[in-house]
Amino acid sequence: YEGDILRSNGTSAIRDLSARDLSNLGNDYYIQDSDRGGLIYGEGYYTIYIPKRVDLDMPPGSVITLVNEGGNGVMYIQMLDADTGNNQLYGAGTNTNYYRWSLPENSIATLVKVWNDPNNDSGCKWILSGVGIAQVT
């Protein structure tokens with residue numbers, strides 16, 4: 001198949017991830033439904049917040065790629081309301097559920113939604129995978 005669908009900015013809707021540049025959005029960014037299947041990138045010191053399920057009801061299998069381009073330190077990934085509503089953020093390969101993780105400079109991570117709590121409309125589970133991710137205590 002040689003065809004393609006181009007977005008208004010010239011990127012391919014078939015071959016390219018939709019991208020969100022954090023450089024003009026301040027230091028805090030809250031994941032939105034439109035980030036599903038896309039790329040969020042920035043030069044370091046940002047905190048990417050994952051809203052609780054009632055505010056961001058992506059289905060299991062949803063994937064978001066995160067890139068810390070470097071230049072301003074680590075990027076933080078944080079689950080909101082992790083202490084209530086059974087919201088979980090696991091680090092891949094760690095078997096650890098923790099609300100805040102870091103991604104070092106010049107690194108890529110993937111967030112994958114793996115579960116929605118059928119008994120609690122705000123409960124969910126995400127797994128963060130990437131070389132160098134670390135629990136922030």
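**Briefing: strands, a buried methionine and salt bridges**

Asp35 is buried, at a relative accessible area of 4%. This residue belongs to a predicted model of a protein chain with 12 strands and zero helices. Of the chain's 137 residues, 39% count as buried.

Overall chain
- Among contacts with a separation of 6 or more, 63% join residues 24 or more positions apart.
- The chain exposes about 7,300 Å², and carbon and sulfur atoms supply 46% of that area.

Met79
- Met79 lies in strand 6, which covers residues 75-79, and is buried at 1% relative accessibility.
- Beyond its neighbours within four places in sequence, Met79 is in contact with several residues, including Ile50, Pro51, Tyr99, Cys124 and Trp126.

Salt bridges
- The structure holds three salt bridges.
- Asp35 pairs with Arg20 at 2.7 Å, N to O. Asp35 sits in the loop between strand 2 and strand 3 and Arg20 in strand 1, so the pair ties together parts 15 residues apart in sequence. Arg20 is partly exposed at 23%.
- Lys52 and Asp81 meet at 3.5 Å, N to O. Lys52 lies in the loop between strands 4 and 5 and Asp81 in the loop between strands 6 and 7, so this pair links parts 29 residues apart in sequence. Lys52 is partly exposed at 25%, and Asp81 is partly exposed at 33%.
- Arg53 pairs with Asp57, with the closest N and O atoms 3.1 Å apart. Arg53 is buried at 14%, whereas Asp57 is partly exposed at 48%.

Definitions and conventions
Residues are numbered from 1 along each chain as its sequence is written. This is a predicted model: local features need pLDDT of at least 70, side-chain atom pairs count only at pLDDT 80 or more; totals for chains, interfaces and linings use all residues. Side-chain values use heavy atoms; hydrogens and water are left out. Helices (H or I, at least four residues) and strands (E, at least two) are DSSP runs, numbered from the N terminus. Buried means under 20% relative accessible area, exposed over 50%, partly exposed in between (1.4 Å probe, protein chains only). Contact means heavy atoms within 4.5 Å. Accessible areas come from the Shrake-Rupley method with a 1.4 Å probe; for residues, only the protein chains shown count as cover. A salt bridge is a side-chain nitrogen of Lys or Arg within 4 Å of a carboxyl oxygen of Asp or Glu.
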